[in-house]
Amino acid sequence: MIGENNIDCNNANCKMLEYETVIGLEVHIELATNTKIFCGCSTTFGEEENVNICPVCTGMPGSLPVLNKKVVEYAIAVGLALHGNITPITRFDRKNYFYPDNPQGYQISQLYFPIVTGGFLTIQGEDGNKNIRIHELHMEEDAGKLIHDEKENSSYIDFNRSGVPLIEIVTEPDLRSAGEVMEFLETLKSRIQYLGVSDCKLQEGSMRVDVNLSVRKKGDTKLGTRTEMKNLNSFRGIQRAIAEETKRQIALLEAGKVVERETRRWDDTKGTSYSMRSKEDAMDYRYFPEPDLPPVIISNDWIEKIKKKEPEFREEKIIRYQSQYGLSEYDSRLLTETKEMAACFEETIVHFNQPKEVANWLMVETLSLLKEKGLDSTKLLFSPEQLASLLTMIYNKVINRTVAKEVFEAIFGTDLCPVEYVAAHNLSMIQDEERIIQIVEQVIGENEQSVQDYIAGKKRAMGFLVGQVMKATKGKADPQKVNELVQVCLEGFIKSEV
Amino acid sequence: MTALELGKKIKNGELTVRQVVEQTYEKIAMLDKELQSFLSLREKEEVLLEADEIQEKINSKQLIHSLAGVPIAMKDNICTKGITTTCASKMLEHFIPMYDATVIDNIKKAGMIIIGKTNMDEFAMGSTTKHSAFQITKNPNNTEFCVGGSSGGSAAAVASQMVPLSLGSDTGGSIRQPSAFCGIVGMKASYGLVSRNGLIAYASSMDQIGPMATNVSDCAALLEVIASYDSYDSTSVKVTDTQYTKSLINDAKGMKIGLLQYKQDNPLDESIQCAINQAKENLKNLGATVTTVTIPFTAKQVLSVYYVLACAEASSNLERYDGVAYGFRSDKDSNLSEMYRKTRTQGFGSEVKRRIMLGSFVLSASQYEHYYKKALRIREYICSEVSRLWNDYDVLLLPTTSVSGVPIKEKMVHTTKEYEMDCYTVLANLTKLPAISIPYGKDENGLPIGIQLMGNYLQEHTLFQVAYTLEKNMEKEKRSGI
């Protein structure tokens with residue numbers, strides 16, 4: 001197979017094992033503050049074009065930026081979660097370039113004194129735990145959105161997004177595989193979601209990832225020439241891009257060519273990337289300190305206050321759930337996928353102290369109901385109290401599991417009390433043996449064939465009969481009792497046959 | 001009649017606001033065809049209606065400000081809602097802001113009446129007002145001569161008494177220098193005292209809007225109106241006492257005045273040197289001590305720092321003029337970069353383009369360390385050297401400009417000659433200190449001369465007191481014959 005630049009990629013595949021991939025990431029995260037970073041416009045996503053704008057975020061003459069303190073708070077929170085150093089006096093700088101989505105002709109960012117330097121994130125690498133070092137984290141403003149109209153051969157600009165606060169996290173080139181990149185992004189995403197500073201959704205653009213990748217022969221300590229890959233809109237896309245770019249670079253080197261230091265754009269439909277601009281075309285941003293914004297002084301007091309608000313993160317919960325509640329690692333992972341889920345779990349066991357029961361209900365019933373409704377586990381539309389109440393009723397055999405499922409679906413998205421609902425709809429489990437026997441006898445009377453089948457050895461026939469009894473009781477009978485009684489009855493038949 | 005006197009006459013009913021407005025438009029009709037101070041005037045009928053509203057409020061004691069009903073002109077880089085704000089540039093020739101600058105809010109609250117927008121050097125870059133894209137303003141003292149810049153229109157409007165007050169902006173001397181050339185009082189206050197919100201930016205770390213008037217008292221009264229903390233301007237400072245008219249005290253006894261000089265002797269026009277000497281004697285006679293003090297910089301060094309920093313900031317501030325969302329856009333372009341290039345080539349005048357190129361150069365990656373970063377450091381050094389002077393002096397005395405009476409027809413052979421005129425004014429912008437220029441006699445051609453007083457940061461009170469005292473004790477001949 002001949003690929004780009006007439007290089008034989010198949011041959012390269014064999015050579016790949018001799019090479020090591022070296023990856024660094026630049027992750028942009030949209031912060032979920034109510035207003036933009038330098039003006040009071042709303043950051044609400046998905047509104048009509050150009051409604052959340054003002055002279056500041058549209059770069060009108062005479063407008064001036066005013067810093068949103070919440071942005072700084074969120075940036076510090078993320079920095080602390082990454083074990084980074086908070087810069088005591090942090091400053092903004094202007095990054096100058098022309099582009100229609102950039103109304104001022106410059107982006108207010110940070111270059112010389114970013115708010116966080118250093119830090120790391122621990123991931124589960126191929127050979128155990130690994131620390132991925134953070135180079136820096138800084139605050140900046142987002143640009144507007146360009147919408148291209150092919151028919152009219154024109155472009156439109158929506159400035160709603162202009163000025164939305166971003167933090168950019170730059171890692172050191174410590175990652176060695178697509179797998180590690182995924183681990184890193186999952187862990188980072190989890191931390192940030194737990195902090196509540198962003199919903200961090202790659203597909204929606206609240207998290208954006210650029211991949212810096214180079215290759216070198218295993219054992220080499222010197223870094224190869226890296227390329228920067230942009231337009232990675234899904235986790236799968238990131239993985240594919242890493243695989244392709246690794247192959248492409250190895251193929252080049254094997255053919256005696258040189259890897260160009262360039263920015264490439266990933267095309268997921270084609271499964272390839274192409275060069276956007278080379279080193280020669282590299283922009284000179286003419287960075288200089290932003291004169292309209294005074295330096296931000298961050299006191300130790302403020303840092304302490306923010307640190308105090310730091311929640312228990314997912315990795316810590318996973319370990320704790322295993323030791324404290326005896327749950328498996330898999331279950332602990334599932335329960336802590338979102339902070340809402342974990343919080344629901346922890347709150348529910350306060351009212352109903354059966355961790356395994358609660359865990360099961362959340363992992364099985366809840367997740368499947370959410371999936372049905374097209375929701376994710378950040379939107380648990382029920383309270384821990386409601387869940388505890390429901391599970392308590394099952395535990396006390398007030399209702400059976402099937403009914404419980406119905407009740408759950410009914411109270412989902414409402415604040416109905418399950419106990420009241422059960423009472424109002426007369427759903428309590430029928431436990432009265434005499435009543436059940438009556439129904440069992442009736443069902444058996446109406447289903448002679450099944451009885452014969454059972455006697456003939458078809459054990460499945462019992463299941464059918466049980467089902468019929470449950471149906472007759474509108475599912476309210478205690479299934480355990482029904483099972484017992486049907487069995488007894490049938491055994492009775494067999495005895496009598498004999 | 002001064003603005004304060006006019007305000008008084010309006011308050012006690014001797015004049016109605018309507019009368020004042022009518023008279024203003026008459027004067028403008030008479031004088032401005034030749035002087036060319038105004039770029040745009042508000043519709044007289046609209047202003048008369050506003051005058052009536054203000055009259056109502058004055059009558060009912062709703063408006064009690066001492067300047068209520070007084071007309072004022074605005075430099076055309078201050079955003080006025082619904083009124084074109086052009087910066088004397090083709091780029092913004094038809095630009096109408098949807099918002100008022102904060103100073104405009106203050107002006108309106110005080111009940112003053114905005115008559116029109118005045119001519120300036122394009123985007124405030126220049127010292128002659130010859131760099132306006134639209135017209136050249138003439139000096140009311142002698143129309144063959146320059147009015148100075150960049151707030152030339154504002155200076156001429158006041159000097160010719162078409163309006164008693166105007167606002168200008170000062171980045172390197174753009175209020176003080178034209179004030180000196182026209183024979184009026186112009187002031188740049190401490191950086192941060194007057195909000196920059198709504199001022200179309202030239203050099204953000206130095207720009208300040210300031211008052212221009214025929215006398216020190218009016219200047220103080222106008223500064224009182226426009227000085228206020230503004231949360232929309234992150235460089236704005238909170239000051240508790242802005243009652244500058246209270247500092248208009250005729251007393252300089254015991255004041256320690258430093259006669260400021262640069263390290264190397266800078267050539268001064270003889271008449272300016274004379275004026276400085278006479279001011280010095282005058283102050284001594286009034287009981288002040290005047291000592292010559294030299295700062296360890298040459299004029300050229302200070303100018304270099306200013307131009308590197310100002311051009312750099314300007315190159316960035318003017319990037320937004322790209323023809324995309326508002327303002328001038330060239331037509332017939334085949335692609336985006338051509339549109340950018342043509343728009344900015346055609347929309348900007350040569351002086352603006354020159355400064356953008358200089359600014360882009362000094363900020364470029366390979367030059368940043370040699371120019372911009374160095375200039376920042378030297379600026380800090382200049383600031384610290386000047387700040388030490390306040391241990392020994394209350395106010396500094398120095399020329400406003402090194403020359404007077406620049407003919408309009410004179411072609412500046414080297415552009416830097418024009419820049420060199422700013423050597424005494426840029427110091428206040430670099431150090432963020434307040435400075436005022438007051439008229440102090442005439443040169444041999446009969447053109448006005450100004451002298452400059454500089455004060456410590458946020459010490460406008462002391463500055464006004466000395467300026468007022470000097471003004472009150474000037475021999476009659478010294479006062480510019482307005």
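Visitor: What volume does the second largest pocket have?
Guide: This is a predicted model, where local features need pLDDT of at least 70, side-chain atom pairs count only at pLDDT 80 or more, and totals for chains, interfaces and linings use all residues. A pocket here is an open set of points on a 1 Å grid over the protein atoms alone, where a 1.4 Å probe fits, with protein on both sides within 12 Å along at least five of seven lines. Filling the joined points with probe spheres gives a volume of about 810 Å³.

Visitor: Which helix gives the most to the lining of the second largest pocket?
Guide: Lining residues have an atom within 4 Å of a point, and helices are DSSP runs (H or I, at least four residues) numbered from the N terminus. In chain B, helix 9 (299-317) and helix 12 (369-389) each supply at least two lining residues. The top contributor, with eight residues, is helix 12 of chain B.

Visitor: How many disulfides does a search of the whole structure find?
Guide: A disulfide needs two cysteine sulfur atoms within 2.5 Å. The B:Cys87 sulfur has its closest cysteine sulfur in B:Cys79, 7.4 Å off, so that's too far for a bond. For B:Cys311, the closest is in B:Cys87 at 16 Å, also too far. Over all chains, the count is zero.

Visitor: Is B:Glu351 buried or exposed?
Guide: Residues are numbered from 1 along each chain as its sequence is written, and B:Glu351 falls in helix 11 (residues 350-363) of chain B. Buried means under 20% relative accessible area and exposed over 50%, with partly exposed in between (1.4 Å probe, protein chains only). At 2%, B:Glu351 is buried.

Conventions. Chains are lettered from A and ligands numbered from 1 in the order in which they are written. Side-chain values use heavy atoms; hydrogens and water are left out.
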